[in-house]
Amino acid sequence: MGYIGGGNALLFLNDQEKAKDLAKEWSKELLINTPGLNPNIAICAIDDGYLNNKDKFPDIITKIFKQLTENKLKYQPQTTLPRHGITAECNRTGLSAECLDKTMKDKKVYISSVARAKLAVADAATDKLHEDFKKVLKQIYKFPKEFEELGQCDDDSHIAIVHIDGNSMGSAFKSCKTLREIRNLSKSVKNSTKKSVEELLGIIIEKIETDDYIYDYFDFNWHLLPIRPIIIGGDDITFVCPGKLGIYFAKIFMEKFAEKEGTKGDEKIQLSSCAGVAITKTKYPFYRGYELAEDLCKNAKKESRKKKEENSSWLDFHLAYGGLSGELDDIRRANYEVTTGYLCLRPYRVVGNENDYRNFSKCIKGIKHFKGMDDGAEAEKPEQKGWPNSKIKELREVLTMGSNSAKIFIQEMSYRGRTLPEIEGYPECKDTGWLCENKKQFTPYFDMLELMEIYPIKLEEKEVSDVQL
C-alpha cells in the first residue's frame, strides 16, 4: 500500500493481472454498496527497482497520473437507474425512486439507491466525527444532524456551505522522489487539516463560553454547535454553518491551516488553501449550493494562480437571496456587471505577504468605516459614526447606475460629513467609487455593503486567545 487518503489511493501489486482483478472487484463493490460514485483507475507496469530510485520514481508517478487523467476524460458509463416516466422521482436526488426509505417510520416513502446508500452511513459518520474530535468537544458539545439544527436566527434562514481545498497539492505529490516521501506528505497534510479543524472548533467553543457577541449570529441550544463538517479528507474540507458565520469560520480555518507545514522527507512545504462560501436558504437543494461553493473555490484558486504569490490563500463568496441558475460566471455577469464595470472585487486574499486592497482585512476595515467602528480620526467626529441604513441602500443603488450618479451621491454625502473608506493605492476611488485594474473598472464598495449584512464584525473586535488542545 502506497497511500490512501482524500479520495485517492496508490497501490502496488506483484502481478498486473492481479491488479486488474482487484480493480474489477473493488469497482463492483462500489457499484453495489455506494451507487452514484464513478471510480477511475489507472494501471501501469513498472520495474521493482524504480520504487526507491529518486531519479526514476517521479517518472512513474507522472506516468500513472497522466494515464488516470486520460481515463477520466473517457466515456463514463451510466451506473445508476435513470428516471423513467413509469417510476416515481426521488425527492432527494431526482433519480428513480426504487428503494424504501427506512428512516421514515410514519409513512411509506421511496427514494433512490444513491440516497439510501448515503443515509445508511449518515449516523455512523456522525459518531465517527464525535470520536475524532472528542477531546475538543469535552463530552458536552455535539454536531447537529440536520441543517435546521445549526442555530439559524428566526429572522435569517440562510446557511453557509463552505468548501476549502489545499493549494498545489497535486504538484507537491507529483514532485515526491520516493514512496516514503508520498506517505509522509499524505500523513502530514491529513494531520494538518484535522488539527486546523480542531483549532476552529476550539475557537467556536471558546466564543460560546466567553463571548456573548456570537449569540447575535445564531441561536445556541446549549449543546449543538453551529457547524457540521461534511467532508474532512486529506487537504479537502467541507462544512455547513449558519449563513452569517460561514465566511468568518472559513477565514479562521485558512489562517490556522497556513500555520502548518507538510513534510516530504527532510523538506518542509508551507501549506495554503482556497475557499468558496455559498450562502443559501436552508431549504435550498444542498447539492446545488455545494456545486456553487466548489465553483467559488475554483475561482479563488484561479485568482491565486494569476497573482503568482507564494503561499497565499484566497476566498470567494456568493449570497444567494433567491434561486440559482447557470454557472458562476453567468450569475455574476447577470447580477454584478453594469455599464461602468464590475460590482464585485472578490475573491480576496486571506493569507499572504502582499498588503493591498485585495486583502480581506482591507474589506473588513471598510465595513468598520461604514459602521463607524474604525480607528481613524474621522470616526471620532459625531457625524461620522457610521452610515445610516437608508444611505447604505442608496449607495448600493447608485453604484449600479454608473460612475456619474455615484460621483454625485458621494460628493453629496461628503458635504454631510460621511466619506467612503480609502482604498490603498487608489486615492481617487474615495471620490468616484470606482478603480481601474488591468484596464477594467471595479468598485470595491459593493462587496463591503453586501458583507455588512452577514459578516460577524463584532467577533472581529474581540481578541481570542490561542486554544490549547
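Guide: Start with Arg 349 and Glu 309, whose closest N and O atoms lie 2.8 Å apart in a salt bridge. This is a predicted model, where local features need pLDDT of at least 70, side-chain atom pairs count only at pLDDT 80 or more, and totals for chains, interfaces and linings use all residues. Residues are numbered from 1 along each chain as its sequence is written, and side-chain values use heavy atoms, leaving out hydrogens and water.

Visitor: Why is the contact of Arg 349 with Glu 309 called a salt bridge?

Guide: The term needs a side-chain nitrogen of Lys or Arg within 4 Å of a carboxyl oxygen of Asp or Glu. Arg 349 and Glu 309 have 2.8 Å, so the pair qualifies.

Visitor: How many salt bridges does this rule give?

Guide: The count is 31.

Visitor: What makes Glu 148 and Lys 283 a salt bridge?

Guide: Their N to O distance is 3.1 Å. The limit is 4 Å, so they pass.

Visitor: Why is Lys 283 called exposed?

Guide: Exposed means over 50% relative accessible area, buried under 20%, partly exposed in between (1.4 Å probe, protein chains only). Lys 283 has 70%, so it is exposed.

Visitor: Why is Glu 148 called partly exposed?

Guide: Its value is 44%, so Glu 148 falls in between.
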